[in-house]
Amino acid sequence: MAKTSTLTKATTPASFEAAMTELEDIVTRMEQGGLPLAEALAQYQRGAVLLAYCQNALRDAQQQVKVLEDGMLKAFGDDDTASDD
């Protein structure tokens, strides 16, 4: 079990989409039941790692959108520049 535990922490998903797909597969397998306890625990641990990865990716994307809204996109809706004429 130590080998699986090491793999669940060390393997980083290739992308947000890959992480979501793997997470969905884990949820499906666990919902179906029939996994031995050790495998269920390893899958749960991997799911927690994937969930954290996805949450971080979404947080990063939200930050990038905020930067765009505060910078480039703000000029399009800025009423102060239109009233300076």
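In what order do the elements of the chain run from the N terminus on? They run α-α-α-α-α. The model is a predicted one.

**Whole chain**

Start with everything selected. Count five helices and zero strands. The chain has 85 residues, and buried residues make up 14% of them. The accessible surface comes to about 6600 Å². Carbon and sulfur atoms account for 58% of that area. Now consider contacts between residues at least 6 apart in sequence. Of these, 74% join residues at least 24 apart.

**Helix α2**

Select residues 16–32, which form helix α2.

Next, color A19, L23 and I26. These residues of α2 are buried. Turn the view to look down the axis of α2. Its buried residues fall within an arc of 60°, so they line one face of the helix. What covers them? The cover over the buried residues of α2 includes α3.

Step just past the end of α2 and pick G33. This residue takes a positive phi of about 75°.

**From α2 to α3**

Show the side chains of E22 and R46. They meet in a salt bridge, at 2.8 Å from N to O. The pair links distant parts of the chain: E22 sits in α2, R46 in α3 (residues 37–70), and 24 residues separate them. Side chains of opposite charge can pair when their charged atoms come close.

Is R46 buried or exposed? R46 counts as buried, because its relative accessibility is 6% and the cut-off for buried is under 20%. E22 is partly exposed, with a relative accessible area of 28%.

**Along α3**

Stay on helix α3 and select K66 and D70. Which kind of link joins D70 with K66? The two form a salt bridge, with the closest N and O atoms 3.1 Å apart. K66 and D70 are four residues apart in α3, so about one helical turn separates them.

Check the surface at both ends of this pair. D70 is partly exposed at 48% relative accessibility. K66 is also partly exposed, with a relative accessible area of 42%.

**Last view**

Display both pairs together. The count of salt bridges comes to two. E22 with R46 links α2 to α3, while D70 and K66 both lie in α3.

Note on methods:
Residues are numbered from 1 along each chain as its sequence is written. This is a predicted model: local features need pLDDT of at least 70, side-chain atom pairs count only at pLDDT 80 or more; totals for chains, interfaces and linings use all residues. Side-chain values use heavy atoms; hydrogens and water are left out. A salt bridge is a side-chain nitrogen of Lys or Arg within 4 Å of a carboxyl oxygen of Asp or Glu. Helices (H or I, at least four residues) and strands (E, at least two) are DSSP runs, numbered from the N terminus. Buried means under 20% relative accessible area, exposed over 50%, partly exposed in between (1.4 Å probe, protein chains only). The arc is that of the directions from the helix axis to the C-beta atoms. Contact means heavy atoms within 4.5 Å. Accessible areas come from the Shrake-Rupley method with a 1.4 Å probe; for residues, only the protein chains shown count as cover.
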